[in-house]
Amino acid sequence: MPQKPPSADPVQDSPQVREPEHAAAGLTAVAHSLRIAQRQMGTKRTALTLLRVNQKDGFDCPGCAWPEGDHRHRAEFCENGAKAVAEEATLRRVGPAFFAEHSVPQLAERSGYWLGQQGRLTEPMYLPEGAEHYEPVSWERAFDIIAEELTALSSPDEAVYYTSGRTSNEAAFLYQLFAREFGTNNLPDCSNMCHESSGSALTETLGVGKGSVLLEDLWQADLIIVAGQNPGTNHPRMLSALEKAKSAGAKIMTVNPLPEAGMERFKNPQTARGLAGGGTPLTDHFLQIRLGGDQALFRMLCRLVLEAADAGDERAVDSAFVREHTHGYEEFAEAARKTDWDEVLTATGLAREEIERAAELVLAAERPVICWAMGLTQHKHSVPTIREIVNLLLLRGAVGRPGAGVCPVRGHSNVQGDRTMGIFERPEPAFLDALEREFGFAPPREHGLDVVRAIRALRDGEAKVFFAMGGNFVAASPDTEVTEDAMRRARLTVHVSTKLNRSHCVTGARALILPTLGRTERDVQSSGEQFVTVEDSMGMVHASRGRLAPAGEQLLSEPAIVCRLARRVLGESSVVPWESFEEDYGLVRDRISRVVPGFDGFNEKVARPGGFALPHAPRDERSFPTATGKANFTAASLEYPELPEGRLLLQTIRSHDQYNTTVYGLDDRYRGIKQGRRVVLVNPQDAAALGVADGSYVDLTSEWRDGRTRTAPGFRVVHYPTARGCAAAYYPETNVLVPLDATADTSNTPTSKSVVVRIDPA
């Protein structure tokens, strides 16, 4: 039988600590997956549900966006995927009685872990102005409340429409359609806080803001560089792809300030060797880089490739590719050749021999793939860093070649699809033109607000209504105190959610919680049972069909919520057939096929088992839709964080029992942390220099140019083999340390991976 949710909030600042592990997955992961699932769902429901995850006739995992191959295991899920499914398919329920018992101020004192463990939301809930308890509300009244606030605005731009990555393609398309017919491009999303830097850099250099490889390319690569990424926790099924590439002869280079168990050794739970044996060593060359030193590393690799070409190695630079398909080579090459060894060694914290060995691997590879995630995208100079990765691949002619290319590994399932569907505050004119042709209204052309700018607008009274389609905005955003104060200034906050989270406790004058179906659940509308679609991290689009009975009779699907809201707010003046769209999602896909490039024949294509690949001009035909019509080399100045004396560079990270802001448990098994989250990982030599003993308790205070101090109190010091000068701690607990205005150039992404902190005794 499933267990009841915890009644008490467990202490999270007194963990047990042991040595970190050096291998990921294996029998332990299987046992942990099943134990978590059984607690939430019970034995029978666990078996029925997990066997449908990521199957061609099943539902897409609500966790990460890693793709599936054509041939799939019967158990096509990882440990953290099982946790995500268990959280959604739980038998625990949160209804009106819960909210009658717990006031909002009381809930605000609870941890995100405790809130999430209470169960699925079952009815719409309303917090009236001045009240302390949510109360049940009908759907009709809920939509009336939203309409009252929206129609009272002096401008459509006073409303903000946030989107989480888990929203389906159909729901995302309808959501942006409603916002734009209402009159605003204020469509911030979670991409603003994660891979916006990737999209910015890739759009400028290659013309497409997505990765250029498919899963098959990863299997064919002869060198895979994994930079600023922890697949063992964040995308565990990626380890299977790395193992397959390794068995075909690929070399793997890992670039990370932290040694991660999954990149050391993988015990594949789908094989006897993985379950009972020693597993597969993955990393051939580990570069334990200093935080923020990646641009310097890739710039030096470019210099060494150029020097090899100068010395007569005809294969070092793909001269034909550079000549025919690129722009800006001479300026780039001049800057790269001037790269200074001493500066690079300072920026990276690496030894010269380590970088020269990395260059040897790059020069020996005909089919390199470079993968990255948040460790590269959340610095001030993230966009130039990713441009430098492109520079290296362009030198080698490694874009548009099978088994080679750029591979930004997206996080949340369908975060990439949401952007494809138009969830973007700065839409391309061509997309708006297509909307106007298809629907007959003139969408707004002025750029809207991203996440950081939306928080500022709420803080300054320039935005008054905040509507979130999924996610946990308050816990995900930077500068926690500023974000929470901004949310409390809103006239109305609305959250479409499956489960309780911190954002429901930090409200505007009025607040609504609208419960929605999860990926695991059947979606039946008046025309019959529906399915939705998602896009994975490599541009594959496929169907997702839930099979479980909904958690409550009053749940509505996300498309239904948007359609009913639009009908109530826009009324008879709307030119969009909202009622028909709610009844039949196939009609939505028909419209998508005429608006979004690559989706022609959408309904027919997605009917194929496994779905279809979206076109990608650089990959498919070595065509680059940039301003120059070619792939662009760039020559940015070298940047890296400066570290004042007596300070450390802090990166915020996930624990293994966590996905984004959702905390499944209080352990970080691979890093040796058990029953606690308020820990800071510090190199023992740095700790000795700072006089910080292992097991002591400290306050973390961030320092930034605005002169303000931001403190996260009460963290247990854990001596850990991270790079010198660098520290790590879990978010969202340390989001308070990230200043709202500390963002990446161009992308405006919060710089959560390079926070200068002072450590003081608690």
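Is Phe 332 buried or exposed? In this predicted model, Phe 332 is buried, with a relative accessible area of 0%.

**View 1. Tyr 329 and Phe 332 in helix α17.** Both residues belong to helix α17 (residues 329-337), where they are three residues apart, about one turn of the helix. The structure holds 22 aromatic pairs. In the pair of Tyr 329 and Phe 332, the ring centres are 6.4 Å apart and the planes stand at 55°, so the pair is tilted.

**View 2. Trp 578 and Phe 581 in helix α28.** These two residues form an edge-to-face aromatic pair, with 6.5 Å from centre to centre and 85° between the planes. They lie three residues apart in helix α28 (residues 578-583), about one helical turn. Trp 578 is buried at 2% relative accessibility, and Phe 581 is buried at 1%.

**View 3. An open sheet of five strands.** The strand order is β12-β9-β8-β14-β15, with parallel pairing. Strands β12 (285-287) and β15 (405-408) form the edges, each pairing on one side only. Neighbouring strands are turned by 15° against each other on average, direction ignored. Three bridges join β9 (residues 251-255) to β12, and Met 253 stands opposite His 285 in β12.

**View 4. Helices lying across the strands.** Helix α19 (residues 352-364) lies across β8 (223-227), β9 and β12, and runs at about 130° to β12. Helix α21 (residues 382-395) lies across β14 (368-372) and β15, at about 175° to β14.

**View 5. Charged groups over tryptophan rings.** The charged end of Arg 110 sits over the ring of Trp 114, 3.9 Å from the ring centre. Lys 244 lies over the face of Trp 219, at 3.5 Å from the ring centre.

Technical notes. Residues numbered from 1 in each chain as written. Predicted model: local features only at pLDDT ≥ 70, side-chain atom pairs only at ≥ 80, totals over all residues. Heavy atoms only, no water. Pairing = 2+ DSSP bridges. Helix = DSSP H or I, 4+ residues; strand = E, 2+ residues; numbered from the N terminus. Axes fitted to C-alpha atoms, helices over the stretch in contact; angles between N-to-C directions. Contact = heavy atoms within 4.5 Å. Phe/Tyr/Trp six-rings, centres within 6.5 Å; stacked < 30°, edge-to-face > 60°. Buried < 20%, exposed > 50% of the residue type's maximum accessible area, 1.4 Å probe, protein only. Lys NZ or Arg CZ within 6 Å of the ring centre and 35° of its normal.
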